[in-house]
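Open the model in your viewer and keep the selection tool at hand. Each stop below says what to select and what is there.

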Amino acid sequence: MNKLSLYKWSLIISVITTSVGAFMRIMQNPFSELVLSVGMLLSLIYIILGLQSVFSDFRRTTAEKIMWLFAFVFLSFIAGILYFAKFKKSFKRRRKLKYPV
């Protein structure tokens with residue numbers, strides 16, 4: 001499984017589980033804390049992958065790297081979706097450069 005598909009699926013599953021957990025919490029269902037915790041732990045996967053991709057790119061400025069760091073930490077779902085939509089080519093480009101044909 002490459003980084004792009006791992007990032008995409010962890011983002012999707014994290015958003016779904018966290019949303020379901022929040023809904024369960026509002027409805028006072030049992031095990032809602034467990035579902036929310038699983039969703040938050042899954043969000044760590046795409047946050048780490050996104051930050052690794054940002055900080056390993058030598059073409060980004062330091063200010064842009066700090067901006068993405070704050071975005072992933074404080075606005076994780078929004079930053080995750082924006083990063084995937086805007087920079088999914090950078091995952092593929094780095095993979096092509098790493099293993100040339």
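**Before you start.** This is a predicted model: local features need pLDDT of at least 70, side-chain atom pairs count only at pLDDT 80 or more, and totals for chains, interfaces and linings use all residues. Numbering starts from 1 along each chain as its sequence is written, and side-chain values use heavy atoms, with hydrogens and water left out.

**Stop 1: the whole chain.** Colour by secondary structure. The protein chain has four helices and zero strands, in the order α-α-α-α from the N terminus. Helices (H or I, at least four residues) and strands (E, at least two) are DSSP runs, numbered from the N terminus. Of the 101 residues, 35% are buried; that means under 20% relative accessible area, with exposed over 50% and partly exposed in between (1.4 Å probe, protein chains only). Now show the surface. The accessible area is about 7100 Å², and 73% of it belongs to carbon and sulfur atoms. Areas come from the Shrake-Rupley method with a 1.4 Å probe; for residues, only the protein chains shown count as cover.

**Stop 2: helix H2.** Select 32–56. The end C-alpha atoms of H2 are 37 Å apart, which agrees with the 36 Å that its 25 residues should span at 1.5 Å a residue. That expected span is 1.5 Å times one less than the number of residues. Among the buried residues of H2 are Gly39, Ser43, Tyr46, Ile47 and Gly50.

**Stop 3: the core.** Select Tyr7, Tyr46, Trp68, Phe72 and Tyr83. Of the 15 residues in the largest nonpolar core, these touch the most other members. Such a core is a set of buried Ala, Val, Leu, Ile, Met, Phe, Trp, Tyr and Cys residues joined through side-chain atoms within 4.5 Å. H1, H2, H3 and H4 each give two or more residues to this core, and H2 gives the most, with five.

Which residues does Phe72 contact, leaving aside neighbours within four places in sequence? Phe72 is in contact (heavy atoms within 4.5 Å) with Tyr7, Tyr46, Ile47, Gly50, Leu51, Ala79, Gly80 and Tyr83.

**Stop 4: the surface patch.** Select Phe55, Ile66, Leu69, Phe70, Val73, Phe74, Leu75, Ile78 and Leu82. Together they form a nonpolar surface patch with about 890 Å² of accessible area. H3 (62–74) and H4 (76–98) each give two or more residues to this patch. The largest share, five residues, comes from H3. Finish on Ile66, in helix H3. Ile66 is partly exposed, with a relative accessible area of 40%.

Terms used
Patch = residues over 30% accessible without salt bridge, like charges linked within 9 Å, V, L, I, M, F, W, Y side chains within 5 Å. Salt bridge = Lys/Arg side-chain N within 4 Å of Asp/Glu carboxyl O.
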